[in-house]
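This report describes selected features of two chains and the contact between them. The sequence and the structure are shown below.

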Amino acid sequence: MRISLFSFALILSSVFSAVLTMPTTSRAFEVEENRYFGPKDSDALKILSTTDTDLLAPLIGSFLALNPGVAIDYTSVSSAELMKAVMLEGAEFDLALSSAMDLQVKLANDGYTLAHYSDLIDLVPTWGTWRNHVFAFSQEPASIVISPAAFAGLELPRSRQELISLLRKHPDRFRGRIGTYDVRNSGLGYLFATQDARTSESYWRLMEIMGGLKIRLFCCSGDMIENVARGDIAVAYNVLGSYARARKDLASRITIVEPEDYTNMMLRTAVVLRTAKHPKLAGAFIDHLLRAAWDTPDVPEYPFHRYPISDEAQNAPFRPIQMGPGLLVFLDHLKRKRFLAEWHSTVQQN
Amino acid sequence: MNEPLQTSGSLRRRLMLQLVGSAAFLATLLFFVVLGFARDVAQQTHDSILLASATSIMDSVSVQADEITVDIPYAALSMLGNVSNDRVFYRVSTRDDVLTGYENLPTTSQSVRSGHSAFDTLTYKGDSIRMVTSLRRLSLNGAPADIIISVAQTREGQAAQLAQLSRSAMQLGLGFFLVATILAIWAAQSSIRPLKQLTEAVSRRGPKDLRPVQRPVPSEMIPLVSSLNRFIGRLRVSLTRSEDFIAEAAHRVRTPLATVRTQAEITLRRVDRAENRASLREMIRAIDESSRAAGQLLDHAMVTFRIDSLERKAIDLTELGRELVDRLQPIAELKDIDLHFFGSGNPKITGDAILIQNAVRNILDNAIKYSPNESAIQVSTRQNGNTARIQVEDEAGGFVGMDTDALTQRFTRGENAAGTIGSGLGLTIAREVVEAHGGVLIIETSKTGTGACVSLCFPLH
Amino acid sequence: MRFLLVEDNISLATAVLDRLRMDGHVIDHAANIAAAEDFSATADYDLILLDIMLPDGDGRAFLRSHRNRLMETPVIVLTARSEVSDRVGMLDLGADDYITKPFDFSELEARCRAVLRRHGGDSSNQKRFGDLVFNPLAGTLSVGDKTITLRNKELRLLEIFLSGPDRIYSKPKLVDRLFSYDEDVSENAIEVYVGRLRKHLSGSGVEITTVRGLGYRMSLA
């Protein structure tokens, strides 16, 4: 799974300006993979998702086992393509699963989704749903991934402050060996960056120091993890923790740090699309996801780490990113423009 | 007298209905006023948050390098999310261009001056929205430029809040109504109470109590009570007058009759011719018959009158029987009739002594009248379970083979009554009196078979 | 006996006076309460017959003052009213008995007798004729040391004979006086009572003889 490099600015400005007037003849959205589960002859539940098919396949399997005769047509896309498919092309899908919370909220806010009601929603913490339209089914931290080899002789940082002081103390050791998302091209990177900026002033200090140390920018978490594992870079900042955890093969070569000052938690969310042909079945699938994510006992086919649930999200070190209209702010193209300009001037000091 | 009065509704019910009706009206009014107030407050609250949002966006508008730029604060939209889960739309525009936000968000129809705002309730994407539009005039390239900011939010949360408020208002109204209803019932009861008390005081009176009502009553009832008192007064006067009239009439009729009868007796003593004697005897008989008839009619009228307002006092039946027997002894003696009284115990009954005495006297009168010379009449009282019985047993031949029911109808006489003076009202009077006291009159053949046995049975006191 | 009749109706009063005098009674008449009070204060009566409705007041007023003066003379009220309404009042005010107008003189006599009997009687009223002593109040007849109680009709028959010894009484007149007018009695019924009386009188020196075609006569043997 990777967040596409597709230009967000382009997509979003067109989304804002021409939802109604945009001809559906624009080029079709880009599909990464399409897989079909269940009996061929039945009318399948069509899922549009930014989540790798392999990751969710076990949950899909258990859902089909519980609902015999049901089939699922699973299409994985990038989050930007997902928006394009739904908002511009009106592609007919039942369900959209995405890690781009801001975009999911925008879909719900702008009326592209249907409400879903079920008893299981009570299991979800209040910050995990919005308007009975958007439902979170995972918590995935923005982590710092460290190469223990590169930190030999140093104490591993547990917070941004510690990382800052380490970088300040040992600039030569880390110069050119720090990585983070290129927020201009990565939706998730942008989300993490804006949330960081909103939460703490230390983000800009960190970016400033990292910029001074010739930070390397990456498109996606997977690249950063592999680079750290190889020892090409020593620290990767704002890496999606769930992917790092998933790379069991690299476990000995990387250390995942969830900062103690605060750790933004990205929530992977599901919405029933307004174009759904099987809204009930789509709801049932959402329930299946919610049960796996929030109900006890744990189910083995759930692919994400389960973090403790705390309603006092703002006080815990784990801070789920708050769903709601606030997320729309950073999608504003003027806001984005300003943010990116500031970020760029901070990071690219030369 | 016992005929049920037609009612024209209940005063208490009418009062209660009016009070409850006003309560219902006030409760409804309260409901709508509270709801309206709540709606206004909710709307104002919502509006002020929208305005705060628009203002904070407005504050972020600046001109940089001859270009208008907006840096929407995170809080501008997130504050709306904190109020409700409603959808949020915004637009920042100049007179000519949309700078950012939802381009096709409707525009306000009001004209907004710089530094001011306007609120609208509109429809966007099929949903009702509340929208604030703020305007600020900036200087751009030395020329004035209007920045127009609209922030809108759907109203589902407000609707839910209103539903909750209207439920509360409904409960408030209902509670008010319930309390008011209880108070209304209490008020109706207590304002009707003096009327009830007066009714009880008047109903409790004995049949002969014709005193005016003296107890204090509320001023509204004074006219009614004064009229009632005047009416009682008239009734008292009229009763006294008619009693006097009956007495006067009886006196005027009976005194000449007595004169004639006496003269006839005297004449009878003096004349010897058989045919003269026979006509004199006829004359005396006719006088007796008419006087007895008049007496019984008068008695019957009096009995009927007294039964209508029956007095209820304890009466010792044995004492009553003994007194009567004493009183009639001289008449029985004239025919050498052995009139015996046998009282067993003192059975007590409740009722009008004068009526019961009259009833028994009528029976006994008849018995003496129809009994042959030198026969016997036995009057006895006894108590039998729940019944007190006074019984007159004679040897006058009885009512063998006769319809004893018909005997007690007006003006029916027994078959042996031929030649004996009597109007036949005696048994009727007796039966009416006994039945008015909840008893029965039993006419049987006496044990010896030679006469009748008439029993008046009353429930015990 | 000595009666006082208080009655304002002159024709009735005259008739009653005539009738009672016929039976040998002494009787005075008062037409109003004032006169009645005068009479009763000056003379001694065996019985007062009192009408209720009088020109100068209610008979009840006389009764009250009569009782207040502690007069013991019994009073029989003559009433024209309904028995139902008047009865209690009269007896409560001290009347000894009452009789409703128009009245049968036999009944009046019977009541008088009963009232006087209750008042203890009066031995001076005893009548003697030959060897017999007759007490009409007690209804007793004594011949020598033998005393018997007469039945009512025997008593009244004896009274009639004693009121005019040696007079002849016809059968019809005796029937009139012994039986009530509403009874149809044959004249021969009188023979039974005469027969009984003769039996009681045997040995007294008094006899009742039959005067053929005329009637009966009582005389000393």
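## Annotated spans of chain B

According to an unreviewed UniProt entry, residues 15-38 and 169-188 of chain B carry the annotation "transmembrane region". The model discussed here is predicted. In this model, residues 15-38 of chain B are 100% helix and 0% strand, and the C-alpha atoms at the two ends of the span are 34 Å apart. Residues 169-188 of chain B are likewise 100% helix and 0% strand, with 27 Å between the end C-alpha atoms.

Chain B as a whole contains nine helices and 14 strands. Its length is 461 residues, of which 33% count as buried. Among the contacts in chain B with a separation of 6 or more, 66% come from residues 24 or more positions apart.

## The five-strand sheet of chain B

Chain B includes an open sheet of five strands, ordered β9-β11-β12-β14-β13, in which the pairing is mixed. The edges are held by β9 (338-343) and β13 (440-445) of chain B; each has a single partner strand, so one side of each has no neighbour in the sheet. From one strand to the next, the twist averages 15°.

Within this sheet, β12 (residues 387-393) and β14 (residues 452-459) of chain B are paired in the antiparallel sense by seven bridges. One position in this pairing is B:Arg389, which stands opposite B:Cys457 in β14(B). Helix α7 (residues 353-370) of chain B packs on the sheet and touches β11, β12 and β14 of chain B; the direction of α7 makes about 20° with that of β12(B). Helix α6 (residues 317-334) of chain B lies across β9, β11 (376-384) and β12 of chain B, and runs at about 170° to β9(B).

Apart from neighbours within four places in sequence, the residues in contact with B:Lys335 are B:Ile368, B:Ser371 and B:Asn373. B:Glu374 is 39 residues from B:Lys335 along the chain, yet the C-alpha atoms of the two are separated by 6.3 Å.

## The contact between chains C and B

On the side of chain C, 36 residues are in contact with 38 residues of chain B. The elements of chain C that give two or more residues to this side are α1 (10-22), α4 (83-92), α5 (105-118), α6 (152-163) and α7 (171-178). The most is given by α1(C), with seven residues. By type, the residues on this side of chain C comprise 15 nonpolar, eight polar and 13 charged.

## A hairpin in chain C

Strands β10 (residues 140-143) and β11 (residues 146-149) of chain C pair in the antiparallel sense through four bridges. In this pairing, C:Ser142 has C:Thr147 of β11(C) as its bridge partner. The two strands form a hairpin with two residues between them, and C:Gly144 in the turn has a positive phi of about 65°.

Two bridges link β12(C) with β14 (residues 215-220) of chain C, and C:Tyr169 stands opposite C:Tyr216 in β14(C).

From α6(C), the contact is made by C:Lys153, C:Glu154, C:Leu157 and C:Leu158; from α8(C), it is made by C:Tyr193, C:Arg196 and C:Leu197. These residues divide into four nonpolar, no polar and three charged.

Methods:
Residues numbered from 1 in each chain as written. Chains lettered and ligands numbered in written order. Predicted model: local features only at pLDDT ≥ 70, side-chain atom pairs only at ≥ 80, totals over all residues. Pairing = 2+ DSSP bridges. Contact = placed C-beta atoms within 7 Å. Nonpolar A, V, L, I, M, F, W, Y, C, P; charged D, E, K, R; others polar. Buried ≥ 20, exposed ≤ 12 C-beta atoms within 10 Å, placed from the backbone. UniProt positions renumbered as here; feature names shortened; annotations may be inferred. Axes fitted to C-alpha atoms, helices over the stretch in contact; angles between N-to-C directions.
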